[in-house]
Amino acid sequence: MRKPSGIVGRDRQWRVLERFLVEGGRDGPLRLGLVSGRRRTGKTQLLSAVCAEQGGLYITSVQDEGDFAARRRFASAIARHAGLSDSVRGEPESWERLLRAAMETAARVAPEGRPPLVVIDEFPYLMANAPQLPSLLQHLYDGSQQGHGPTGRLILCGSALSVMHDLLSGTKPLRGRAMLDMRLNALDFREAAQLWDIQDPVTAFRVHACVGGIPGYRPLMTTTPAAADDFDRWVMDNLLAVDVSVFTRTEVDYLLREDPRITARSLYYDVLSAVAQGAHTPAKIGAAIGRDNNSVRHPIDVLRSAGYLHSAHDLLRQRKPTISVRDPIIRFDRLITAPYLGRLELGHTEPVWRAAAPTFRANILGPHFEELARDWVHRFAPDELDRQAGFGEVGFGSVQDNAGRAKHDIDVLAVDGKRVNLIGEAKATLARRGLPDLERLDAIRTVLAREGYDTTETIVALFSTTGFTSDLVRAASSRGDTELVDLERLCGLG
């Protein structure tokens, strides 16, 4: 199966889908798969390309559509795939008949040697008015396993992550029946630069800090910033322009609407704002929005399961998890757009962007660079530093220096039990990193060794958006345990 050149990344996912389709032969029993991912991650692009390659039936669902209209749309898609008129007159068939008809039609028109394939996009939209669909699919699947049901492959796709994940949980009808449970995440930062066709690492970093690696934003933008000088205009013309579809306030509202559990959106907005502004525990989040911590635990859990918040532990002290905003465009909206919404609606984008510049540098670029540094250690460093077994668990940490009466925070930390594989510092500041930064990390390594950690093979890494002083470069080149990682190296452009 040939992956189209227009799909950036997704090589692993393409191979998994190919195995799901090919293995087991054309006439084996029905195979069920799930593909989920937040809005605009490229699910439709990926699965429609698979259908085009395999001659499969692709059925789209529409949000807030009644059951009658949904069944009519479903029937029309089947008719078109069969080469018939797509006009459906009278009462459309029941869901049970429609599901069976979809699989049987796919089987009749499938190309020679290829298994029948049906993809139902945004399956949760159909479930809103037809909650019996998973049970009907269970009946269809079980019948096929017993030799008296349709063959082929059926893939259910959806953006409502809670609904999709719930399909296979507990005692739900489809539990234990899906061979594929693919969760499509954002592209990594190197793939994102390729997606945007940005060769300048500074610009690639800033764009990724705003919109992450979500493929669906690329075709919606009026321009692509080729260089750092283009970045400010790109932000103002797209992310801060109220009349375009990628205005972040509008986009975040769409994201929250995807999850049916999010009803009182004002509370969820408040929680996201508090976290973006630095409240990292339930107690602090509750205090920031005037609620007790128990009342914010449920929205935190919902936002976390939807992929909009993230929890991570200090790898050395294992204290309560630190909560952060996972989605860059939500973080941008809560920190930049929301505080100035009234002025943006009046068209004052340029003064708003100037006023928000300090917040953007400190609260977005700084934390985002730390995230990318940790991701580099996890994703790329094993190959680039010839550590094929990886670096263990990657995150952040803090260690108490009792002798020096100080606590040291470590931006980038990789540990495997009591063995420290890497310690690093990541700074997105205007000043270049120098020898004092290296000396600080050496001191932290000494403290860790004193605390009983194995630091004999620890790599010391300094990450900087503005480069390194010449004396630091000379010192690092004379040592075998020190890595200097600038934006070019981070983005794979060096």
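Q: How many salt bridges does the structure hold?
A: The structure, which is a predicted model, holds 37 salt bridges. Local features need pLDDT of at least 70, side-chain atom pairs count only at pLDDT 80 or more, and totals for chains, interfaces and linings use all residues. Residues are numbered from 1 along each chain as its sequence is written, and side-chain values use heavy atoms, with hydrogens and water left out.

Q: What makes E251 and R39 a salt bridge?
A: A salt bridge is a side-chain nitrogen of Lys or Arg within 4 Å of a carboxyl oxygen of Asp or Glu. The closest N and O atoms of E251 and R39 are 3.3 Å apart, so the pair meets the definition. The two residues come from distant parts of the chain: E251 is in helix α11 (residues 248–257), and R39 is in the loop between β1 (31–36) and α2 (43–54), 212 residues away. Helices (H or I, at least four residues) and strands (E, at least two) are DSSP runs, numbered from the N terminus. Both E251 and R39 are buried.

Q: Which residue forms a salt bridge with D253?
A: R265 does, with 3.2 Å from N to O. R265 is in helix α12 (residues 265–276) and D253 in helix α11, twelve residues apart.

Q: Why is D253 called buried?
A: Buried means under 20% relative accessible area, exposed over 50%, and partly exposed in between (1.4 Å probe, protein chains only). D253 has 19% relative accessibility, so it counts as buried.

Q: Where are E425 and R440, whose side chains meet in a salt bridge?
A: E425 lies in strand β10 (residues 419–427) and R440 in helix α20 (residues 435–450), 15 residues apart. Their N to O distance is 2.6 Å. E425 is called buried because its relative accessible area is 5%, while R440 is called partly exposed because its value is 29%.

Q: Which residues do salt bridges that share partners join into one network?
A: R38, R39, R40, E251 and D327.

Q: Why is R190 called buried?
A: R190 has 18% relative accessibility, so it counts as buried. R190 is found in helix α8 (residues 189–196).

Q: What is R190 in contact with, leaving aside its neighbours within four places in sequence?
A: Contact means heavy atoms within 4.5 Å. R190 is in contact with W376, F380, E384, R489, L490, C491 and G492. A polar atom of the R190 side chain lies 3.0 Å from the backbone oxygen of R489.

Q: What is the order of the five strands in the open sheet?
A: The order is β2-β3-β4-β1-β5, and the pairing is parallel. Two strands pair if DSSP finds at least two bridges between them. Six bridges join β1 to strand β4 (residues 153–158), so these two strands pair. L32 stands opposite L154 in β4.

Q: What makes β2 and β5 edge strands?
A: β2 (57–60) and β5 (178–183) each pair on one side only.

Q: Which strands does helix α1 lie across?
A: Helix α1 (residues 11–22) lies across β1, β3 (117–121), β4 and β5, at about 165° to β5. Axes are lines fitted to C-alpha atoms, for helices over the stretch in contact, and angles run from 0 to 180 degrees between N-to-C directions.

Q: Which residues of helix α10 are buried?
A: In helix α10 (residues 228–237), the buried residues are F231, W234, V235 and M236. Among the elements that cover them are α8, α9 (201–211) and α15 (328–337).

Q: Why is the pair of W196 and W234 called edge-to-face?
A: Rings of Phe, Tyr and Trp (its six-membered ring) pair if their centres lie within 6.5 Å; planes under 30 degrees apart count as stacked, over 60 as edge-to-face and the rest as tilted. W196 and W234 are 5.7 Å apart centre to centre, with 90° between the planes, so the pair is edge-to-face. W196 lies in helix α8 and W234 in helix α10, so the pair ties together parts that are 38 residues apart in sequence. W196 counts as buried because its relative accessible area is 2%, and W234 because its relative accessibility is 1%.

Q: Which residues form one aromatic cluster?
A: W196, F231, W234, F332, W353 and F360.

Terms used. Polar contact = N/O pair within 3.5 Å; in protein donor to acceptor, adjacent residues only side chain to side chain.
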